[in-house]
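Here are my notes on one helix pair and one set of strands. Please read them with the model open.

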Amino acid sequence: MAQKVGVVGLSGIGTTHSRCYANDDLADLVAVCDLAKERADTLAEQFRVKAYYSLKDMLDDQPDLDIVDVSTGGNENGSWHYEPTMQALEAGKHVLVEKPLSNDIREAREMVAKAEENNLYLGCNLNHHFTPPAERARQYIEDGEVGELVYCLHKMGFAGGERTYQPQDSPRIKGFPYFHMKAFLSHPFSVMRHFCGDVTHVQAFVTRPSFRKSAGDVMLSINGIHVRFANDCIGYLLSQRGDATFGLGGWWSLEVAGTRGTFCVENCIEKITFWRAPGGEDAAKPEDLDVGTSSGPVVTESGITDFGETFPRRIHAFLEDIANNVPKSQLRASGRDALAALEYTWAAMESYEQGGILVRPQPMPPQHAHPS
Ligand SMILES: NC(=O)c1ccc[n+]([C@@H]2O[C@H](COP(=O)([O-])OP(=O)(O)OC[C@H]3O[C@@H](n4cnc5c(N)ncnc54)[C@H](O)[C@@H]3O)[C@@H](O)[C@H]2O)c1
């Protein structure tokens, strides 16, 4: 049966989410809500659903709602997530919240704890996991074709440079040194964890280019972060916010290498290439390999170039998991997964503040199956 959904926060992203639910057979979009009346009214008319101007009114008036989608933003893109998420969880609704879970780590921890306490699904829009290349990559790992993980190199950010830089006037961005780290690193950190598991050690070098400095822009927009995973794989994340243009792999590339093979995802949703380590079937013979050569690559193009395709795919997965009543611990791209990424972000900020020291991120709280 289709899940009844209400969406809160109806700017660009809330509009996209509303459209995804309206087009998905597993959802019945019944309500939209924004403090800005005209936004709520416009979308209500577009999707022929009821408009609300406060979440409390929506929850009181729609007791049968199954899911509240929190697409609000706020300072550092996350300060308006906690309150509506907690309100919806307290009302017994499942929640899909945009990333980052919050711009405050204590709030994020509380949100995850509240969902567990009330035995509800809390998902996060970690939409970058829901692409054909990411699915193929997971398959390579699960089929044992990557082997023991050796390294993980991830570049994700925004293209730009000194010729395109515009100082930010938005009060939600301007003056926040950690805007990029708090608002964005949930994506790359969660992608790295999705493939390589929990991170136990973080060391960060964080800076900004001279054109930002001379404009009085405090955003620490260049992040080089070295990590170690619990399984002993090592990794590196390079993220920046439009200070340079990325080279090979485009705005989003992930190379994961193992003892049996290596894959590289390019441009998030577009393409995955796989190289078998020498010596196996269909791979280069060790005796034929000179220094600097490797096995011929297997390239799989998804045929998709629009990043926007990640939204309906991710939202459908959330609806599917709820329809299938999966154990809360197996929810894909859960609040807990998003919290882990945020713990790594906070560890990176601490490392930077302490001059690049090695920091151990706070481990995830234990998970207890709900008595029911
Ligand atoms: N996953 C992705 O790929 C992706 C991409 C871009 C943005 N985002 C995230 O999407 C979120 C939303 O971004 P945006 O640019 O659309 O946001 P925005 O800040 O422009 O708009 C948020 C809307 O929420 C409303 N709002 C705030 N608090 C409310 C409340 N308590 N009740 C009702 N309405 C409320 C505001 O009036 C506003 O219309 C951000 O958290 C951002 O990080 C995610």
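1. Helix α5 (residues 105-117) and helix α11 (residues 335-353) have axes that come within 10 Å and cross at roughly 160°. Axes are lines fitted to C-alpha atoms, for helices over the stretch in contact, with angles from 0 to 180 degrees between N-to-C directions. α5 is therefore roughly antiparallel to α11 (angles over 145 degrees count as such). Helices (H or I, at least four residues) and strands (E, at least two) are DSSP runs, numbered from the N terminus.

2. The model is predicted: local features need pLDDT of at least 70, side-chain atom pairs count only at pLDDT 80 or more, and totals for chains, interfaces and linings use all residues. Residues are numbered from 1 along each chain as its sequence is written.

3. Which residues of α5 and α11 make the contact? From α5 come Ile105, Ala108, Arg109, Met111, Val112 and Ala115. α11 supplies Gly335, Arg336, Leu339, Leu342 and Trp346. Contact means C-beta atoms, placed from the backbone, within 7 Å.

4. Strand β12 (residues 252-258) is mostly covered, with five of its seven residues buried (20 or more other C-beta atoms within 10 Å of a residue's own, all placed from the backbone).

5. β12 runs antiparallel to strand β7 (residues 149-156), joined by seven bridges. Strands pair if DSSP finds at least two bridges between them. Leu149 has Gly258 of β12 as its bridge partner.

6. β12 also runs antiparallel to strand β13 (residues 261-266), through five bridges. Glu255 stands opposite Cys264 in β13. A hairpin of two residues joins β12 to β13.

Terms used: Parallel < 35°, antiparallel > 145°, perpendicular 65-115°, else oblique. Contact = placed C-beta atoms within 7 Å. Buried ≥ 20, exposed ≤ 12 C-beta atoms within 10 Å, placed from the backbone.
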